Amino acid sequence: MHRDENVRRIRSGVVRLSRRLRAERPADALAPTKISVLAQLWRNGRMSAGDLADLERVQPQSLTRTLAALEADGLIVRRPDELDRRQAVIGITEAGLAALSEDMQARERWLAKAMDIHLTPAERQLLADAAELMDRLADD
């Protein structure tokens, strides 16, 4: 198979699976933007709004409402940076971790069931190996 065709198939598969995983989110789940911010804080730890915006690939002003809503709901906390008191550092709270976990668990339950039904053990391992490679590409 030609390289370009492989690239198209991979992109298509990732997009379709991503859409399906979004569809499996609970009806009362947080907005995807909020979940994405919580996931960044969970993965990367406390950080400034600017660093968070860089990871999300948005302008810091674009996160203002999202951060305010997450803070109002007790899902994040802002504290002065210990090195630069003029800057705030944002961290995820226990409630934020619980909300993120609930969101991820619903999608992971669906994925585990679908994999058990449709894939052989060898295919499940191959997909797990591919996930590691996709993470490396996403970090580029």
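Modeller: Let's start with helix H4, whose buried residues are covered by, among others, helix H2 (32-44), helix H3 (49-56), strand S1 (76-80) and S2. Please keep in mind that this is a predicted model, where local features need pLDDT of at least 70, side-chain atom pairs count only at pLDDT 80 or more, and totals for chains, interfaces and linings use all residues. Residues are numbered from 1 along each chain as its sequence is written, and side-chain values use heavy atoms, without hydrogens and water.

Biologist: What makes a stretch a helix or a strand, and how many of each are in the protein chain?

Modeller: Both are DSSP runs numbered from the N terminus: helices are H or I with at least four residues, strands are E with at least two. The protein chain has 6 helices and 2 strands, in the order α-α-α-α-β-β-α-α from the N terminus.

Biologist: Why is Thr 93 called buried?

Modeller: Buried means under 20% relative accessible area, exposed means over 50%, and partly exposed lies in between (1.4 Å probe, protein chains only). Thr 93 has 17%, so it is buried. You will find Thr 93 in the loop between strand S2 (88-92) and helix H5 (94-118).

Biologist: Which residues does Thr 93 touch, leaving aside its neighbours within four places in sequence?

Modeller: They are Gly 74, Leu 75, Ile 76 and Val 77, where contact means heavy atoms within 4.5 Å. The Thr 93 side chain also reaches the backbone oxygen of Gly 74 at 2.6 Å. For a polar contact, a pair of N or O atoms must be within 3.5 Å; within protein, one must be able to donate a hydrogen and the other to accept it, and residues adjacent in sequence count only if both atoms are side-chain atoms. Gly 74 itself follows H4 and has a positive phi, near 75°.

Biologist: How do you know that the buried residues of H4 line one face?

Modeller: In H4 (residues 64-72), Thr 66, Leu 67 and Leu 70 are buried. Seen down the axis, they fall within an arc of 95°, so they line one face of the helix. That arc is taken over the directions from the helix axis to the C-beta atoms. Arg 65 and Ala 72 are exposed on the other side of H4.

Biologist: What puts the buried residues of H3 on the same side?

Modeller: Leu 52, Ala 53 and Glu 56 are the ones buried in H3. They cover an arc of only 100° around the axis, so they sit on the same side of H3. Their cover includes H2 and H4.

Biologist: Where is Arg 57, and why is Arg 57 called exposed?

Modeller: Arg 57 is in the loop between H3 and H4. Its relative accessible area is 68%, so it counts as exposed. Although Arg 57 is not a glycine, its phi is positive, about 60°.

Biologist: Is Arg 136 buried or exposed?

Modeller: Arg 136 is exposed, because its relative accessible area is 56%. It belongs to helix H6 (residues 121-139).

Biologist: How much of the whole chain is buried?

Modeller: Buried residues make up 24% of the 140 residues. The C-alpha trace spans about 55 × 35 × 20 Å along its principal axes.
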